[in-house]
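Q: Please examine one part of the following model closely. A connected account of its surroundings would be welcome.
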Amino acid sequence: MLDLEFVRGQFPAFAEPSLEGWAFFENAGGSYTCQPVIDRLTRFYHQRKVQPYAPFPASEAAGAEMDEARMRLAALLGVETEELSFGPSTTQNTYVLAQAFRKFMQPGEAIVVTNQDHEANSGPWRRLAEEGIEIREWKVDPETGHLDPAALEKLLDEKVRLVCFPHCSNVVGEINPVAEITALAHAAGAFACVDGVSFAPHGFPDVGELGCDIYLFSAYKTFGPHQGIMVMRRALAEALPNQAHFFNGDTLYKKFTPAGPDHAQVAACAGMVDYVEALAAHQGVAPGAVAGLMHAHEVQLMQPLLDFLGSRNSVRLLGPKSAENRAPTVAVALQGPAEPVARRLANHKVMAGGSNFYAVRPLQAMGIDPDDGVLRLSFTHYTSPEEVDQLIAALDREL
Ligand SMILES: Cc1ncc(COP(=O)(O)O)c(C=O)c1O
């Protein structure tokens with residue numbers, strides 16, 4: 001069982017006087033930052049804030065810490081160090097990737113996209129239609145938001161080079177079977193690109209085991225600094241054209257990140273691994289087993305919330321009603337705009353969001369006006385049962 005007191009002790013936000021009493025339910029927007037990340041950022045700005053990789057001690061320490069972050073994160077994710085790179089955000093990373101595929105693909109070839117994705121893993125790919133690339137849409141069930149792998153099979157043939165889909169949608173919350181979907185894509189001769197932004201905060205996955213060719217997520221939602229993290233497996237990375245300076249094309253971790261990296265934030269990403277390893281050591285498990293502990297805690301807290309929302313006639317719960325195959329990203333459509341309700345929840349010291357959260361296509365597919373948006377209640381493993389009680393009591397008053 002997860003030691004919640006230990007977990008919360010790693011997040012200064014829980015000891016911050018200005019946040020006292022506030023229950024945080026907008027984690028899918030961005031999580032609290034863990035102490036090791038803050039410590040590393042502070043140390044970098046105090047001691048190492050110089051151009052890295054130059055031959056003097058402060059610079060060597062800066063470069064070494066950036067390398068450490070890449071190496072330890074890659075190990076945690078089950079991939080090679082060279083296969084992991086940092087970019088300013090996942091939106092930026094997918095944009096660059098799409099430029100690489102723009103040159104890699106031929107007119108008449110096809111890409112599968114979904115209407116369950118956040119726009120970041122959708123729009124950049126759809127724009128390749130301008131080059132004569134066929135875009136095929138794998139559609140959600142309009143009632144539940146579910147993506148059925150059987151429907152994907154019907155879209156696959158020898159023309160498809162790439163299948164883009166989310167590990168978990170930021171409004172539906174259902175966890176998609178990445179390994180199964182990837183296997184379908186590979187069997188058809190296509191690569192698989194997975195948006196893991198909404199999943200990764202609920203347990204860093206073993207990307208090597210999932211088998212996908214690209215896996216993207218955002219460190220500011222996984223208890224770290226504001227960075228996009230991208231895994232691209234070697235075979236694809238070598239095949240795609242260089243998007244960086246011409247002389248950086250042979251270095252896989254530089255090839256798809258044309259922007260100069262934020263050195264301090266890259267280095268501080270090692271703090272996310274410090275946190276996972278400290279939690280694993282405290283719980284007496286391997287770092288890879290931390291994800292299971294987080295999930296079990298989240299499922300336990302999520303089911304009462306799902307039951308409460310499912311029992312209210314005035315709201316429409318998106319995604320599964322059972323917590324087991326879900327991330328705790330729980331969105332409900334209301335009869336009207338969601339933002340004012342989120343605003344009223346703040347009167348109860350509950351932080352939540354009301355928006356379309358850039359999931360315009362998924363909401364439209366489910367018949368929800370993106371201008372009304374949805375009320376999203378999202379938490380992580382550091383959330384307490386008392387905070388969920390506070391949320392449900394506030395919802396009981398305001399829905
Ligand atoms: C599922 C999902 N994908 C992609 C993104 C975009 O990530 P970033 O803000 O790093 O560009 C978000 C951001 O909220 C998201 O929720």
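Which residue of strand 7 is the bridge partner of Val-194?

A: The bridge partner of Val-194 in strand 7 is Tyr-215. The model is a predicted one, in which local features need pLDDT of at least 70 and side-chain atom pairs count only at pLDDT 80 or more, while totals for chains, interfaces and linings use all residues. Residues are numbered from 1 along each chain as its sequence is written.

Strand 7 covers residues 214-218; strands here are DSSP runs (E, at least two residues), numbered from the N terminus. Strand 7 pairs with strand 8, residues 228-232, in the antiparallel sense over five bridges; two strands pair if DSSP finds at least two bridges between them. Strand 6, residues 191-195, runs parallel to strand 7 and is joined to it by three bridges. Tyr-215, the partner of Val-194, also stands opposite Val-231 in strand 8.

Because five of the five residues of strand 7 are buried, the strand is largely enclosed by the rest of the structure. A residue is buried if 20 or more other C-beta atoms, placed from the backbone, lie within 10 Å of its own. Both faces of strand 7 are covered: buried Ile-214, Leu-216 and Ser-218 lie on one side, and buried Tyr-215 and Phe-217 on the other.

Ser-218 also belongs to the surroundings of the ligand: 13 residues surround the ligand, and Ser-218 is among the closest, together with Ser-89, Thr-91, His-118 and Val-197.

Notes. Near = placed C-beta within 6 Å. Buried ≥ 20, exposed ≤ 12 C-beta atoms within 10 Å, placed from the backbone. Helix = DSSP H or I, 4+ residues; strand = E, 2+ residues; numbered from the N terminus.
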